[in-house]
Amino acid sequence: MDELVRYIAKSLVDKPDDVKINVKTEDEDTVVIELSVAPEDMGKVIGKQGRIAKAIRTIVKAASVQDEKKYIVEIV
């Protein structure tokens, strides 16, 4: 799932080498994916009124149905 987030983020930003993904497991059913990008690319990942961030979370939620785990995407 983190590869999906990495691919989407690298497609959106100007500096794809600065995209970093950190995966944390809170409990056996919940996984937190932390996405960090360069400061000047933050607006491209969040989007106007958070629409792109919401779309990324929706895609991850749809892809996680098969895993039977809850994935949370945080942009830091």
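User: Buried means under 20% relative accessible area, exposed over 50%, and partly exposed in between (1.4 Å probe, protein chains only). Going by that, which residues are exposed on the other side of α3?

Analyst: Heads-up: this is a predicted model, so local features need pLDDT of at least 70, side-chain atom pairs count only at pLDDT 80 or more, and totals for chains, interfaces and linings use all residues. Residues are numbered from 1 along each chain as its sequence is written, and side-chain values use heavy atoms, with hydrogens and water left out. Helices (H or I, at least four residues) and strands (E, at least two) are DSSP runs, numbered from the N terminus. For α3, the exposed set on that other side is Arg 51, Lys 54, Lys 61 and Ala 62.

User: What arc do the buried residues of α3 cover around the axis?

Analyst: The buried ones in α3 are Ala 53, Ile 56 and Val 60. They sit on the same side of the helix because their arc (taken from the directions from the helix axis to the C-beta atoms) is only 60°.

User: And which elements do those buried residues pack against?

Analyst: Contact here means heavy atoms within 4.5 Å. Val 45 gives one view of it: beyond four places in sequence, its contacts include Ala 53 and Ile 56. Taken together, the buried residues of α3 pack against α1 (2-12), α2 and β3 (70-75).

User: How many residues has the largest nonpolar core?

Analyst: A nonpolar core is a set of buried Ala, Val, Leu, Ile, Met, Phe, Trp, Tyr and Cys residues joined through side-chain atoms within 4.5 Å. Val 5, Val 19, Leu 35, Val 37 and Val 45 have the most contacts inside this one, and its size is 15 residues.

User: How far apart in sequence are the parts tied together by Lys 15 and Glu 40?

Analyst: These two form a salt bridge (a side-chain nitrogen of Lys or Arg within 4 Å of a carboxyl oxygen of Asp or Glu), with the closest N and O atoms 2.5 Å apart. Lys 15 is in the loop between α1 and β1 (20-27), and Glu 40 in the loop between β2 and α2, so the parts they tie together are separated by 25 residues.

User: What is the nearest side chain of opposite charge to Asp 41?

Analyst: Asp 41 sits in the loop between β2 (30-36) and α2 (42-46). For charge, Lys and Arg count as positive and Asp and Glu as negative, with His and the chain ends not counted. Asp 41 is buried with no salt bridge, and the nearest opposite charge, 4.3 Å away, is Lys 44.
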